[in-house]
Amino acid sequence: MNKDQILKIMIIDDEEPARSLIKVFLKDVTDIEIIGEAGDGFDAIKKINQLRPDLIFLDIQMPKLTGFEILDLMEIRPEIIFVTAYDQFAVKAFELNAIDYILKPYNKSRFEGALKKAMDKIRKNEKNDETLNKVIEYNRMNHEILNRIALKKGHQIRIIEVENIFYIEAQDDYTMIYTENEHFLKDATMNYFENKLDTNIFMRIHRSYIVNIKLIEKIEHYEKESYIVILKNKTKLKTSRTGYKLLKEKLLF
């Protein structure tokens, strides 16, 4: 980034007074422009992808989408200063991955220190893609069992409750998530979902498939010692020998 270029800043926080405080602290800062603000996750993603800021002040506890889900769905990797009330998990994620954050309530001195650090990194064109990706991965692997998944399809953001997922299919380093009538590509591995989904609901029946066992209609013999799982939406999926054995143990047949 050119040293003399105006820095584009976005403020994302669901509390209007919190956004106002940041604007007050930025009032006398030169070479910056506040290009937008958002009070919920959906609006934030839309504006980030449209306006493409250089720096974002991002709250963690957001309605509709959390700060981590916003981070996961962004098309770009701007510099981020996380703004949060004390959250031991979030702070640990930031500290391990050298991401700056400010804890509410904060004073002007702490704010200015975080801003200077971020602006220096941007001016030096120090890309933070890998660092942000590490924060996303840390959040994915250390958070609680998944009960919903934030997904992007075209320009739409969808929140899918996991019980509405019929199955998940491996797509190289990605996965395809299937509901009754739709499917969504997700930048996450099969191992991630295998570790993070409730094992009372989901089972890996094949190296390519994780299935919602509550949505299995029947299991049929296919050929020799192979079987297929038929879901309630009539989708047919192959199961491996190991997968079939696990199904027998879980479903008691």
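Before I turn to the structure, one definition: a residue is called buried under 20% relative accessible area and exposed over 50%, with partly exposed in between, using a 1.4 Å probe and protein chains only. Please keep in mind that this is a predicted model, in which local features need pLDDT of at least 70 and side-chain atom pairs count only at pLDDT 80 or more, while totals for chains, interfaces and linings use all residues. Residues are numbered from 1 along each chain as its sequence is written, and side-chain values use heavy atoms, with hydrogens and water left out.

Let me start with the nonpolar cores, a core being a set of buried Ala, Val, Leu, Ile, Met, Phe, Trp, Tyr and Cys residues joined through side-chain atoms within 4.5 Å. The largest one has 28 residues, and the members that touch the most others are Ile12, Ile70 and Phe82. At least two residues each come from β1 (7–12), α2 (41–51), β3 (55–59), α3 (67–73), β4 (79–84), α4 (88–96) and α6 (129–142), where helices (H or I, at least four residues) and strands (E, at least two) are DSSP runs numbered from the N terminus. Helix α3 provides the largest share of this core, with 4 residues. If we look at Ile12 itself, and leave aside residues up to four places away in sequence, its contacts (heavy atoms within 4.5 Å) include Ala38, Ala44, Ile48, Phe57, Met62 and Ile70. Apart from this core lies another, of 19 residues, including Phe25, Ile32, Ala118 and Met119.

A cavity here is a set of points, on a 1 Å grid over the protein atoms alone, where a 1.4 Å probe fits but cannot get out, and lining residues have an atom within 4 Å of a point. The search of the whole structure finds 1 cavity of 30 Å³ or more, and the largest cavity holds about 50 Å³ of space, a volume being the space filled by probe spheres set on the points, which are joined across faces, edges and corners. Its lining has 10 residues, of which Glu79, Ile80, Asp100, Lys117 and Lys121 are the closest to the centre. Both β4 and α5 (108–123) supply at least two residues of that lining, and α5 gives the most, with 4 residues.

Now to the sheets, where two strands pair if DSSP finds at least two bridges between them.

Strand β13 is joined to β14 (residues 226–231) by 6 bridges, and Lys218 stands opposite Ile230 in β14.

My last point concerns Leu252, in the segment after α8. Is Leu252 buried or exposed? Leu252 counts as exposed because its relative accessibility is 74%. Its C-alpha atom is separated by 20 Å from that of Tyr222, 30 residues apart along the chain.

Note on methods: On a 1 Å grid over the protein atoms alone, a cavity is a set of points where a 1.4 Å probe fits but cannot get out, and a pocket is an open set with protein on both sides within 12 Å along at least five of seven lines; lining residues have an atom within 4 Å of a point.
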